[in-house]
Amino acid sequence: MFKEVAFERTLIAAFLVGGVVGIGFGWFLFPFLFPLLDASGTAVWVQAIASVAAIYWAGRQGRALFQHQKKEREKAAVQLAVDVVRTLHSHLEKLGGSRWWPGDRLKAVATGKNYFKIDYLDPVERMLDQVNLEHLSGTRSVVIMVEVRSKIWRIKEYLTWIIENVEDVQLREEKGEKIFDDRASRIKKEVADISTYLSELIVHRDKYEPIPTVDS
């Protein structure tokens, strides 16, 4: 915004300086140009000045319209991100509460007593693909969406490890280690972190004030 204001001030200053120089130069050349300054010549000069003013105004309006459209895209993208992460978190909460925590539920999944496939999380992860990160470029929301995806990857890693190493885990459990409880709490924390990111997205969304329409 400040760069745009500075640019406009610089442009106006340039016009003023150019005008002053032009007037001075015109006075110097007046005796030579007087025969050319008939009515038609004056009309040409007026038309030229009006054209320059029109081009400047069109450029200014074009920049305002571009900024307006950019903000609208960002606002829509942030709202979509909120909706997607809210749905994703709700799904993970329900799935986790019935499958992954506390530790005895995670144990049931690892031993096959509670049927679950890691592939069940793929549709959850694909929800994030709905959000166009290009429209969030330069905002905190991009980092948040990347972090949310990393949380899902981490949940999948925890589940994959516990399922693939279930026999070793059970032996260690017999020796007193609480691996199922530990992994269950880690997964639950990842889901809780997604909830925190959701709250941050909502705060970001609420910062967008109504954008004034561009004068036609």
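**Salt bridges and buried residues in the helices**

Y197 is found in helix α7, which spans residues 179–206 (helices, H or I of at least four residues, are DSSP runs numbered from the N terminus). The model is a predicted one, in which local features need pLDDT of at least 70, side-chain atom pairs count only at pLDDT 80 or more, and totals for chains, interfaces and linings use all residues. Residues are numbered from 1 along each chain as its sequence is written, and side-chain values use heavy atoms, with hydrogens and water left out.

With a relative accessible area of 14%, Y197 is buried (buried means under 20% relative accessible area, exposed over 50%, and partly exposed in between, with a 1.4 Å probe and protein chains only). Beyond its neighbours within four places in sequence, Y197 is in contact with R140, I144, E147, V148 and K151 (contact means heavy atoms within 4.5 Å).

Turning to charged pairs, the structure holds 16 salt bridges (a side-chain nitrogen of Lys or Arg within 4 Å of a carboxyl oxygen of Asp or Glu). One of them joins R149 and E125 at 3.6 Å, N to O. R149 lies in helix α5 (residues 140–164) and E125 in helix α4, so this pair ties together parts that are 24 residues apart in sequence. E125 is buried at 13%, while R149 is partly exposed at 21%. Both belong to a network of salt bridges that also links D122, D129 and K156.

R154 lies in helix α5 and E190 in helix α7, so the pair ties together parts 36 residues apart in sequence.

Definitions and conventions
Helices (H or I, at least four residues) and strands (E, at least two) are DSSP runs, numbered from the N terminus.
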